[in-house]
Amino acid sequence: MPVLEVKNLKKSFGNTEVLKGVSFTLEHGQVLAIIGSSGSGKTTLLRSVALEASRTANLRVVVVDSRGELEYGVRNNNSAVDILTGYPKSLGIEIALRTLNASLIICDEIGNEDEARSIIDVSIGGAALVAS
């Protein structure tokens with residue numbers, strides 16, 4: 001049974017369609033890496049997935065947000081999402097996995113070797129992770 005199934009996710013800002021029918025399925029231990037240029041909608045996708053997962057799935061969703069970009073739009077939006085800020089991403093991912101027992105971890109801008117190793121730990125630990 002999938003941890004998360006997203007079907008035909010759309011998001012617009014005014015007349016600008018940012019997400020155009022995004023669909024994917026995540027199983028336990030799977031990692032979805034989102035790659036794209038600046039302004040292509042990666043952070044918007046991560047925010048939307050966090051909100052959707054917290055509202056529709058019976059999951060422990062943890063957002064690791066060292067830069068404060070994912071928090072915007074997730075906090076105070078009637079969502080049951082734990083948001084970890086103020087930690088290096090690799091430590092935040094470890095806390096989400098080992099202490100909070102997250103089913104789904106969402107993290108923006110994985111950028112160094114320690115953060116990449118944390119993704120491997122998530123996969124081994126059985127949680128699903130969506131990251132850019």
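The model is predicted: local features need pLDDT of at least 70, side-chain atom pairs count only at pLDDT 80 or more, and totals for chains, interfaces and linings use all residues. Residues are numbered from 1 along each chain as its sequence is written, and side-chain values use heavy atoms, with hydrogens and water left out.

## The sheet

Helices and strands here are DSSP runs, numbered from the N terminus (helices are H or I with at least four residues, strands are E with at least two). Two strands pair if DSSP finds at least two bridges between them. Strands of a sheet pair through backbone hydrogen bonds, either parallel or antiparallel.

Which order do the five strands take in the open sheet? The order is β3-β7-β6-β4-β5, with parallel pairing. β3 (31-33) and β5 (81-84) stand at the edges. Each has a single partner strand, so one side of each is left without a neighbour in the sheet. From one strand to the next, the twist averages 15°. Such angles run from 0 to 180 degrees between N-to-C directions, and axes are lines fitted to C-alpha atoms, for helices over the stretch in contact.

β7 (residues 128-131) is joined to β6 (residues 104-107) by four bridges. Three bridges join β7 to β3, also in parallel. Val130 of β7 is the bridge partner of Ile106, and Val130 is the bridge partner of Leu32 as well. Ile105 stands opposite Leu129 in β7. From β6 the chain crosses through α3 to β7, and this β-α-β crossover is right-handed. That term means that, with the strands pointing away from the viewer, the path from the first strand over the helix to the second runs clockwise.

β7 is covered on both faces. Ala128 and Val130 are buried on one side, and Leu129 and Ala131 are buried on the other. Buried means under 20% relative accessible area, exposed means over 50%, and partly exposed lies in between (1.4 Å probe, protein chains only).

Contact means heavy atoms within 4.5 Å. Helix α3 (residues 113-125) lies across β3, β6 and β7, at about 150° to β7.

α1 has 15 residues and reaches 21 Å from its first C-alpha to its last. That is close to the 21 Å expected at 1.5 Å a residue, where the expected span is 1.5 Å times one less than the number of residues. How many of the 15 residues of α1 are buried? Twelve are. Among them are Leu45, Leu46, Val49 and Ala53. Their cover includes β1 (4-13), β2 (16-26), β4, β5, β6 and β7.

## The cores

In soluble globular proteins, nonpolar side chains tend to be buried together. A nonpolar core is a set of buried Ala, Val, Leu, Ile, Met, Phe, Trp, Tyr and Cys residues joined through side-chain atoms within 4.5 Å. The largest one here has 25 residues. Leu4, Val49, Leu104 and Ile106 have the most contacts inside this core. β1, β2, α1, β4, β5, β6 and β7 each give two or more residues to it. α1 gives the largest share, six residues. A second, separate core has 16 residues, including Leu100, Ile119, Ala127 and Leu129.

Leu104 has contacts beyond its neighbours within four places in sequence. Its partners include Leu4, Val49, Ala53 and Val130.

| Residue | Relative accessibility | Class |
|---|---|---|
| Ser48 | 13% | buried |
| Leu84 | 12% | buried |
| Asn101 | 60% | exposed |

Ser48 sits in helix α1. Leaving out residues up to four places away in sequence, Ser48 touches Leu9, Lys11 and Leu19.

Leu84 belongs to strand β5. With residues up to four places away not counted, Leu84 touches Val62, Val63, Val64, Asp65, Gly92, Ile95, Ala96 and Leu100. Leu84 and Leu45 are 39 residues apart along the chain, and their C-alpha atoms are separated by 18 Å.

Asn101 lies in the loop between α2 (89-99) and β6. Beyond its neighbours within four places in sequence, Asn101 is in contact with Arg60 and Ala96. Asn101 and Gly125 are 24 residues apart in sequence but 9.4 Å apart in space, C-alpha to C-alpha.
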